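I opened my notebook to look up salt bridges. Here is what I wrote down.

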Amino acid sequence: MTIVNWLTGSTGMILSSACVIVIVILMLFMSAKLHQSYRRYKVYGWLIAGLLLVCSQYIIRLYTASSESDASPWAYLSASIVQIVSFIIINFVFIKLYTRPSGRLIGWAFISMLAAPFLLTGIQLYFDGSLLEQPVDGSSLQVLTLDFYALIINFLILVDTRGITLNRKFVLSLGIYFFYQLASVADGYVFHGEKPFIVMLTYYVPLIYFTLLFLMLFEWVIERMLDIHQSSITDGLTSLYNRKHFISRCEKWLREHGVISIIFCDIDNFKKLNDTQGHHAADIILKKVADIIKEESNGIGTAGRYGGEELLAAVRGNVKSNAADVAETIRRRVETETGVTISVGVSTSSSGQTVLDVVKEADEAMYTSKTTGKNKVSVVAKSNRSKSRRSKAAGEA
């Protein structure tokens, strides 16, 4: 037996079907996790249903390929119907995911498409009652109405996605599946299994199709995980790190480098801005100030929101940038680019201090700026600390 005969015979069908089932089971696992996390989005429930139908389709194919006796034509017919129904469900789900995940999937077009295979099968059986009495050659039962309908549905979905911004893999998968359907029709109605290359296409092209679907679903899961993680560590309005994560990052840097500087910024007259121009205008100003702080701390540290109109920047101890100079640059840019001013306090850690200690000192320095004219930078003096450390060292000696 040659490798081609092996790949295009019942063994090849079993191999390809088993591979598809493995891929679909992995997709089912991811879909179940998504459904568990987003129960209010019914679209994930439909995805699970579509994938279960795919599993049942390929289980039927495994049965028909491995059965010692001739399988019933009903098995082949059931697999053909399930294939079309699952294709419609899965592709409608992916379209919904990339357009509006929270929207309702069920509609008259969706229901009509799902009902059509059963109606078309009934019509064909009515006019050709001997269809299920004929022996089945190859891997499927040729039902003209179903084969034609499958091609039309795939073509309509392809046309429908032209005006929608979708993942390129999804559009590619539709094209690949359409190519598979053409190969299947050609094999069933023209070549009747006599062309090994065409048979191989009908067996193994679906593997490419489901692999692309798996990759798209995997990317979707990763994106959702990243969104959840990002929302847990950042402030929703300014996109800066929230206080907890900011402090956590600074503590890590303090352990690694032994020193860190904190820049504490407070927008001057922010309450008056809220009262006179409204919360929306105040939020816009807050975002602009946050963007400036984020830009100036990028590469040398990080930025966070302490609360309200109080924003923080951190400068790591392993960079040459002077925290006071960075603070002055931030103050100057805010004044010239936003139309408001900020009061700033700067503190650099000393031996034995925690990040919270440094933040508290920077906050007090900011308050000094606020009460001595605003729109200025105040730096915590380190002379007293230095004297204290020398005295302690002398006592120990």
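How many residues apart do Arg333 and Glu337 lie in helix α12? I counted along the helix: they are four residues apart, about one turn. I kept in mind that this is a predicted model.

Entry 1: I checked the side chains next. Arg333 and Glu337 meet in a salt bridge, at 2.8 Å from N to O. Glu337 is partly exposed, at 44% relative accessibility. Arg333 has a relative accessible area of 18%. Buried means under 20%, so Arg333 counts as buried.

**Entry 2: a second partner.** I found that Arg333 also forms a salt bridge with Glu295. Their closest N and O atoms are 2.8 Å apart. Glu295 lies in helix α11 (residues 279-297) and Arg333 in helix α12 (residues 323-338), so this pair ties together parts 38 residues apart in sequence. Glu295 is partly exposed, with a relative accessible area of 49%.

**Entry 3: the network.** I followed the shared partners. Salt bridges join Glu295, Glu296, Arg333 and Glu337 into one network.

**Entry 4: helix α8.** I moved to residues 196-233, which make up helix α8. Arg224 and Asp227 both lie there, three residues apart, about one turn of the helix. Their side chains meet in a salt bridge, with 3.1 Å from N to O. Asp227 is partly exposed, at 43%.

Terms used:
Residues are numbered from 1 along each chain as its sequence is written. This is a predicted model: local features need pLDDT of at least 70, side-chain atom pairs count only at pLDDT 80 or more; totals for chains, interfaces and linings use all residues. Side-chain values use heavy atoms; hydrogens and water are left out. A salt bridge is a side-chain nitrogen of Lys or Arg within 4 Å of a carboxyl oxygen of Asp or Glu. Helices (H or I, at least four residues) and strands (E, at least two) are DSSP runs, numbered from the N terminus. Buried means under 20% relative accessible area, exposed over 50%, partly exposed in between (1.4 Å probe, protein chains only).
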